[in-house]
Amino acid sequence: MKMLRRLDRDAERWLLLTFYVMLVITMAVEVLRREIFSYSSIWGEEIVRYSFIYLAWIGAAAAVKERAHIRIDVIMHYLGPRPKALLYIFGDLVMMFVAVIALYWSYEAVHVSAKFGSVTDGLRISKVWFLMAVPTGFALIIWRLLQSLRRDFHSLRTGQPVYEGDTLFD
């Protein structure tokens, strides 16, 4: 149980770190190869591109978890805890609706790629592994939205202030 809590708390953080390090190291190696040896590989560009795609989708899920997506929250300063919780619940439900539809359609692209056996140009690996970034991201977003809804319903029921995440500017 303790392991699952830690995974829930830190999964996106570790995945983001892994893909970011992979992206930076590969990019640095490719720049050095290009500038010093006048040679570059086709696989380096692919690793950087697909690492960035995974970074974006896992980062979106992490942002949902921390309520860090860009939002206009001027009206939130004038609301009490209960209306604020209701507004956050409404926003999460709308986002959930969009995420479920997007998950369905993004999986369709993965299915088609698997059906026809498409592979990447440089690495010659099945594109399914890289196309899975989008449905994986949306699945994580849905999971984080469910957690957010649970937290918001608890705040609504108890009258406690709703979790708003950290602010960049005050």
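Which backbone nitrogen does the side chain of Glu46 reach at 2.7 Å? To find out in this predicted model, select Glu46, which sits in helix H2, and follow its side chain to the backbone nitrogen of Gly122, 2.7 Å away. If you display the contacts of Glu46, leaving aside neighbours within four places in sequence, you will find Thr120, Asp121, Gly122 and Leu123. Glu46 is buried yet has no salt bridge, and the nearest side chain of opposite charge, that of Arg49, is 5.2 Å away.

Stay in helix H2 and select Tyr50, together with Phe130 in helix H4 (residues 128-131), a partner 80 residues apart from Tyr50 in the chain. Their rings are stacked, with 4.1 Å from centre to centre and 15° between the planes, and both Tyr50 and Phe130 are buried. For another arrangement, select Tyr104 and Trp105, whose ring planes stand at 80° with the centres 5.1 Å apart, so this pair is edge-to-face. Trp105 counts as exposed, at 56% relative accessibility.

Next, turn to the largest nonpolar core, which has 17 residues, and select Met96, Ala99, Phe138, Ile141 and Leu145, the members that touch the most others. Helix H2 (42-66), helix H3 (81-116) and helix H5 (133-158) each give two or more residues to this core. Centre the view on Phe138, which touches Trp57, Ala99, Ala102, Leu103 and Ser106, not counting residues up to four places away in sequence. Finally, look for a second, separate core of seven residues, among them Phe19, Val48, Ile58 and Ala133.

Note on methods:
Residues numbered from 1 in each chain as written. Predicted model: local features only at pLDDT ≥ 70, side-chain atom pairs only at ≥ 80, totals over all residues. Heavy atoms only, no water. Core = buried A, V, L, I, M, F, W, Y, C linked by side-chain atoms within 4.5 Å. Buried < 20%, exposed > 50% of the residue type's maximum accessible area, 1.4 Å probe, protein only. Helix = DSSP H or I, 4+ residues; strand = E, 2+ residues; numbered from the N terminus. Contact = heavy atoms within 4.5 Å. Lys, Arg positive; Asp, Glu negative; His and termini not counted. Salt bridge = Lys/Arg side-chain N within 4 Å of Asp/Glu carboxyl O. Polar contact = N/O pair within 3.5 Å; in protein donor to acceptor, adjacent residues only side chain to side chain. Phe/Tyr/Trp six-rings, centres within 6.5 Å; stacked < 30°, edge-to-face > 60°.
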